[in-house]
Amino acid sequence: MVHGTMCNKKSKQFSWSRESPSGYLYNKTWTPNGCELRRDINITKCLTNTHIKVVGDSTTRQMYARLKELFPCSGNTKILNVMHIPLMCKNSTTNFQLSYDLPALPYVTAHSNRAFYKSFADRLQGIPDNERYIVICLVYAHVLGYHSHVYLDSIRDMKRGVLEFVNRNPHAHVVVKGPSSYSFSKTPDHVAWMPDAYALPYAQWLYDEFMDIHDRVVYVNSLDITIATEQWFIHPEDYVVNELVYQMLNFVCD
């Protein structure tokens, strides 16, 4: 049931539970339990004098693409047609900057230069202490070929970098995007076949590792909405990405 409360950090709608879904889908619109996502956010007001740094796989690159549509900036036009490379765009009028980078190994793809790989800690160390930054992090799909403890080590490395970052930057927002569900039901020969076997425990690990700093880090639950929409491909459909972006904006624009 929705109680008329708008979603923000205090409403705690960005929660995770193995026992029940975190919301429901109707007409391609996601409603978290207990609150409503605002759709009338003044994005210009919210993101002026802001740098959004996205670090992750191509599903976070989709969020980069959607944010670029919501707040136009110059640079890297054919985003979803590029391979795994760094991206950046700027809006000089509003002092807004949006960037996308790749994480470190064990993230791996055959189509990107290893020079593009860098740890979350390294990505975040260069950020000034007193500037408004929004950092979106994810590591999931490209590590599915490794043992599960390799994934656990990678998210612990992510947390170390995030913890150091939020401790020195009081103006920062950090968003951790959870794993998505997808089946590859139309392409059963894919190298990452059977990803649903990993999505639930990996989402729990990711949420639990950041449990003690949930006052500084928001967890965007991608799993429940991608289960509800029965995503078959690794890249969720555009309307799903839109809902994930609005979850993030409801937090950082509060």
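This report describes the fold, disulfides, aromatic pairs and selected residues of a predicted protein model.

## Basis and overall makeup

The model is predicted: local features need pLDDT of at least 70, side-chain atom pairs count only at pLDDT 80 or more, and totals for chains, interfaces and linings use all residues. Residues are numbered from 1 along each chain as its sequence is written, and side-chain values use heavy atoms, with hydrogens and water left out.

The protein contains 7 helices and 8 strands; these are DSSP runs numbered from the N terminus, with helices being H or I of at least four residues and strands E of at least two. Of its 254 residues, 54% count as buried. Here buried means under 20% relative accessible area, exposed means over 50%, and partly exposed lies in between (1.4 Å probe, protein chains only). The accessible surface comes to about 11,800 Å², and carbon and sulfur atoms hold 51% of that area. Areas come from the Shrake-Rupley method with a 1.4 Å probe, and for residues only the protein chains shown count as cover. Among contacts (heavy atoms within 4.5 Å) with a separation of 6 or more, 71% are between residues 24 or more positions apart.

## Disulfides

The protein has 2 disulfides, a disulfide being a pair of cysteine sulfur atoms within 2.5 Å. One joins C46 to C253, with an S to S distance of 2.0 Å. This pair links distant parts of the chain: C46 belongs to helix 1 (residues 43–47) and C253 to the segment after helix 7 (238–252), 207 residues apart. The torsion about the S-S bond of C46 and C253 is about -85°, so this disulfide is left-handed. Both C46 and C253 are buried.

The other disulfide is formed by C73 and C89, whose sulfur atoms are 1.9 Å apart. C73 is in the loop between helix 2 (58–70) and strand 4, while C89 is in strand 4 itself, and the two are 16 residues apart. C73 and C89 are buried.

Strand 4 (residues 87–91) has a covered face made up of L87, C89 and N91, and an uncovered face with M88 and K90. It runs antiparallel to strand 5 (residues 96–101), and 5 bridges join the two; strands pair if DSSP finds at least two bridges between them. L87 stands opposite Y100 of strand 5. The two strands form a hairpin with 4 residues between them, and N95 in the turn has a positive phi of about 55°.

## Aromatic pairs and a charge over a ring

The structure holds 9 aromatic pairs. Rings of Phe, Tyr and Trp (its six-membered ring) pair if their centres lie within 6.5 Å; planes under 30 degrees apart count as stacked, over 60 as edge-to-face and the rest as tilted. Y140 and Y151 make an edge-to-face pair, 6.3 Å centre to centre with 80° between the planes. Y140 lies in the loop between strand 6 (133–137) and helix 4 (148–168) and Y151 in helix 4, so the pair ties together parts that are 11 residues apart in sequence. Both Y140 and Y151 are buried.

Y207 and Y219 form another edge-to-face pair, at 5.3 Å centre to centre and 75° between the planes. Y207 is in helix 5 (residues 196–209) and Y219 in strand 8 (residues 217–220), 12 residues apart. Y207 counts as buried at 12% relative accessibility, and Y219 counts as buried at 4%. Elsewhere, the charged end of R39 sits over the ring of Y246, 5.5 Å from its centre; the criterion is NZ of Lys or CZ of Arg within 6 Å of the ring centre and within 35 degrees of the ring normal.

## Selected loop residues

G56 lies in the loop between strand 3 (51–55) and helix 2, and is buried, with a relative accessible area of 0%. Leaving aside neighbours within four places in sequence, G56 is in contact with Y100, D101, L102, P103, Y107 and L138. The C-alpha atoms of G56 and K177 are separated by 9.2 Å, although these residues are 121 residues apart along the chain.

Most residues other than glycine have a negative phi. N27 has a positive phi of about 55° although it is not a glycine. N27 is in the loop between strand 1 (23–26) and strand 2 (29–32) and is exposed, with a relative accessible area of 62%. N49 also has a positive phi, near 60°. N49 is found in the loop between helix 1 and strand 3 and is partly exposed at 46% relative accessible area.
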